[in-house]
Amino acid sequence: MTKIGEIFKIFRTGKNITLKEASQNIVSYPFLSKFERGLTDISFTHLLELLDRINVQLSEFEFLYSKYNADNNDLLPSFQSAYQSGDVVMLKHHLQTWQHKQGKFAELQVIQLKMMLSTLNIDSITKSDILILEADFKTIHSWTFFELYLFGHAMPFLEEKFMFHLFQELHQKGILYDNFRYDSFSMLFYIYNNIILFMLDHNHLDTADLLIQKLTYYFNQQEKDYYHRARIFNLQGLALYLQNKKELGLRLIRKANLISYLSEHDLKFINNEKRYLSKYLTNADLQMVFDFSEII
């Protein structure tokens, strides 16, 4: 794994800046040399000062770091891709890999993958797994993408009061609005999507309505891609359907499915949407919202 000091050296040498020039009045010359060789860590404040000295944006630094460590450090999108498409074989492969690793992070990854498979009716989560998750969530002070992603998958398995309290705490701190990633997979949307489905599952329709309104308002102020448009229509439609406003609800759900279909989304993704909607819709309604024959 490429360390951050090595990434800094790539930028520094690429700009023909010497160790002495880069370190002056920030850290010592020997310290910077050790940092670039991965022999010592550095404070975030000093790192920002050093990047400013060599005129490199933090986002540029993060991008190059992620690029060099893609195989080791960016597994979550591959997990999500397999999960959304219902690729059980790939999820099991990831699970077997992480079950042979040691440490707290590996333990949490195993639980996360078991939750994905459990949602797909393949694996199961134990009470011990849930206790490990709850203990971990209680002790986190600096939430990153991994913890938020883990929380999103854990929602259906956590005790309702604990889960909703944690969601409110994150929301009040503004953590859900932080831009942890810059790709099309929005952390904010992911958390809201899962908690809305949780509320619908537990018949908390008023709370679900309120959260949908907040989510819709937020994304009305943003540049939306087709995935987020489809998911908002889907959530709005499902909420209306469960409130016995079936005609309008089905219209919105079908609109969401048409967006996915016309965008030539992976067929596995559409089948996964059909699987989860089958919990709520009648067979006739399910067939109707996935009927694309008129546009073929």
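Predicted model: local features only at pLDDT ≥ 70, side-chain atom pairs only at ≥ 80, totals over all residues.
User: Which residues of α12 are buried, and which exposed residues does the face turned away from them carry?

Analyst: The buried residues in α12 are Phe-162, Met-163, Leu-166, Phe-167 and Leu-170. They cover an arc of only 130° around the axis, and therefore sit on the same side of α12. Lys-161 and Gln-172, which are exposed, are carried on the face of α12 turned away from its buried side.

User: What caps the N-terminal end of α12?

Analyst: Glu-159 provides the cap, with a side-chain oxygen 3.1 Å from the backbone nitrogen of Lys-161.

User: How should I read the nonpolar core, and which residues have the most contacts inside the largest one?

Analyst: The general idea is that, in soluble globular proteins, nonpolar side chains tend to be buried together. Here the largest nonpolar core has 70 residues, and those with the most contacts inside it are Phe-137, Phe-151, Ile-196, Leu-238 and Leu-281. Helix α13 (residues 187-201) supplies the largest share of this core, namely 11 residues. Another core, of 19 residues, lies apart from it and includes Ile-26, Leu-50, Val-56 and Leu-64.

User: Which residues does Leu-281 touch, once those up to four places away in sequence are not counted?

Analyst: On that basis, Leu-281 touches Leu-238, Tyr-241, Leu-250, Ile-253, Leu-286 and Val-289; Leu-238 is itself among the residues with the most contacts inside the largest core.

User: How many helices and strands does the protein have, and what do the overall totals say about burial and contacts?

Analyst: The protein has 18 helices and 0 strands, and 46% of its 296 residues count as buried. Among contacts between residues at least 6 apart in sequence, 63% join residues at least 24 apart. The accessible surface comes to about 16400 Å², with 50% of it belonging to carbon and sulfur atoms.

User: Which loop holds Asn-16, which loop holds Asn-55, and is each buried or exposed?

Analyst: Asn-16 is in the loop between α1 (4-14) and α2 (19-23), where it has a positive phi of about 60° although it is not a glycine; at 68% relative accessibility, Asn-16 counts as exposed. Asn-55, in the loop between α4 (44-53) and α5 (58-68), likewise has a positive phi of about 60° without being a glycine, and with a relative accessible area of 60% Asn-55 is exposed.

User: Where is Thr-216 placed, and why does it count as buried?

Analyst: Thr-216 belongs to helix α14 (residues 205-220), and it counts as buried because its relative accessible area is 16%, the cut-off for burial being under 20%. Leaving aside neighbours within four places in sequence, Thr-216 is in contact with Ile-232 and Gln-236, and a polar contact of 3.3 Å joins the side chains of Thr-216 and Gln-236.

User: Where is Ser-293, and which side chain is joined to it by a polar contact?

Analyst: Ser-293 is placed in the segment after α18 (283-289) and, at 49% relative accessibility, counts as partly exposed. Its side chain is joined to that of Asp-291 by a polar contact of 2.8 Å.

Conventions. Residues numbered from 1 in each chain as written. Heavy atoms only, no water. Core = buried A, V, L, I, M, F, W, Y, C linked by side-chain atoms within 4.5 Å. Buried < 20%, exposed > 50% of the residue type's maximum accessible area, 1.4 Å probe, protein only. Helix = DSSP H or I, 4+ residues; strand = E, 2+ residues; numbered from the N terminus. Contact = heavy atoms within 4.5 Å. Arc of directions from axis to C-beta. Polar contact = N/O pair within 3.5 Å; in protein donor to acceptor, adjacent residues only side chain to side chain. Areas by Shrake-Rupley, 256 points an atom, 1.4 Å probe, with all protein chains shown as cover.
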